[in-house]
Amino acid sequence: MSANPTRPRRALLLGACALSLALLTACGSGGSGSTQAAAGEQATDGKPVTLTFWGWAKGTKDVVAAFNASHPNVQITFEEIPSGNAGGYAKIANAVKAGNAPDVFNVEYPQLPDFVSQGAVQDISKAGHRRTLRPSTCRRPSN
């Protein structure tokens with residue numbers, strides 16, 4: 001009668017992906033130039049907003065496919081990379097240095113300060129989009 005430990009982790013992953021995509025879609029940073037459009041809107045050129053997302057978490061490809069299917073005006077181009085310590089962090093850091101980093105990427109909390117010091121992440125807390133999210137999506141999980 002033990003609970004399935006992967007269910008909360010999967011729910012957290014799905015929530016984190018959705019949160020990241022929603023927030024970064026709404027306040028995107030450069031990328032293709034069309035990321036300035038708000039979520040659900042088309043870019044000014046009439047084409048869908050396109051974001052790149054690098055990650056390694058199991059199931060992310062399916063989450064991105066579902067997101068793309070339900071958001072025709074916002075499309076995510078997903079690239080699966082090795083997990084963080086298996087080369088993913090090095091790939092992201094190199095892309096940041098080269099100026100071609102993805103719009104969204106996975107990073108574990110302990111490595112976040114390294115990416116902040118590289119200028120690889122932006123503070124989106126002041127973007128004003130928290131009011132459109134459920135409060136539970138803005139809290140750090142306790143487990």
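Colleague: Why is Glu79 called partly exposed?

Modeller: In this predicted model, Glu79 has a relative accessible area of 33%, and since the partly exposed class lies between the buried limit of 20% and the exposed limit of 50%, Glu79 is partly exposed.

Colleague: What makes Lys91 and Glu79 a salt bridge?

Modeller: The side chains of Lys91 and Glu79 meet at 3.2 Å, N to O, and the rule asks for a Lys or Arg nitrogen within 4 Å of a carboxyl oxygen, so the pair counts as a salt bridge. By this rule the count comes to one salt bridge. Lys91 lies in helix α3 and Glu79 in strand β2, 12 residues apart, and the pair thus links distant parts of the chain. Lys91 counts as partly exposed, at 32% relative accessibility.

Colleague: Over which ring does the charged end of Lys91 sit?

Modeller: The charged end of Lys91 sits over the ring of Trp54, 5.2 Å from its centre, where the distance limit is 6 Å.

Colleague: What makes the pair of Trp56 and Tyr89 edge-to-face?

Modeller: The ring centres of Trp56 and Tyr89 are 5.6 Å apart with the planes at 85°, and an angle over 60 degrees belongs to the edge-to-face class, so that is the name the pair takes. Trp56 is in the loop between β1 and α2 (60-70), while Tyr89 is in helix α3 (residues 88-98), 33 residues apart.

Colleague: Which residues make up the largest nonpolar core?

Modeller: That core has 10 residues, including Trp54, Trp56, Tyr89, Phe105 and Phe115, and its largest share, four residues, comes from α3. Apart from this core lies another, of eight residues, among them Leu51, Val64, Phe67 and Ile76.

Colleague: How do you know that Val64 is buried, and with which residues is Val64 in contact, leaving aside its neighbours within four places in sequence?

Modeller: Val64, in helix α2, has a relative accessible area of 4%, and buried means under 20%, so Val64 is buried. With those neighbours left aside, Val64 is in contact with Phe53, Ile76 and Phe78. From Val64 to Phe53 the separation is 11 residues in sequence and 8.9 Å in space, C-alpha to C-alpha.

Colleague: Why is one side of β2 and of β3 left without a neighbour in the sheet?

Modeller: The three strands form an open sheet in the order β2-β1-β3, with parallel pairing. Because β2 and β3 (104-105) stand at the edges, each with a single partner strand, one side of each is left without a neighbour in the sheet. Two bridges join β1 to β3, and two strands pair if there are at least two bridges between them. Trp54 has Phe105 as its bridge partner in β3.

Note on methods. Residues are numbered from 1 along each chain as its sequence is written. This is a predicted model: local features need pLDDT of at least 70, side-chain atom pairs count only at pLDDT 80 or more; totals for chains, interfaces and linings use all residues. Side-chain values use heavy atoms; hydrogens and water are left out. Rings of Phe, Tyr and Trp (its six-membered ring) pair if their centres lie within 6.5 Å; planes under 30 degrees apart count as stacked, over 60 as edge-to-face and the rest as tilted. A charge sits over a ring if NZ of Lys or CZ of Arg is within 6 Å of the ring centre and within 35 degrees of the ring normal. Buried means under 20% relative accessible area, exposed over 50%, partly exposed in between (1.4 Å probe, protein chains only). Contact means heavy atoms within 4.5 Å. A nonpolar core is a set of buried Ala, Val, Leu, Ile, Met, Phe, Trp, Tyr and Cys residues joined through side-chain atoms within 4.5 Å.
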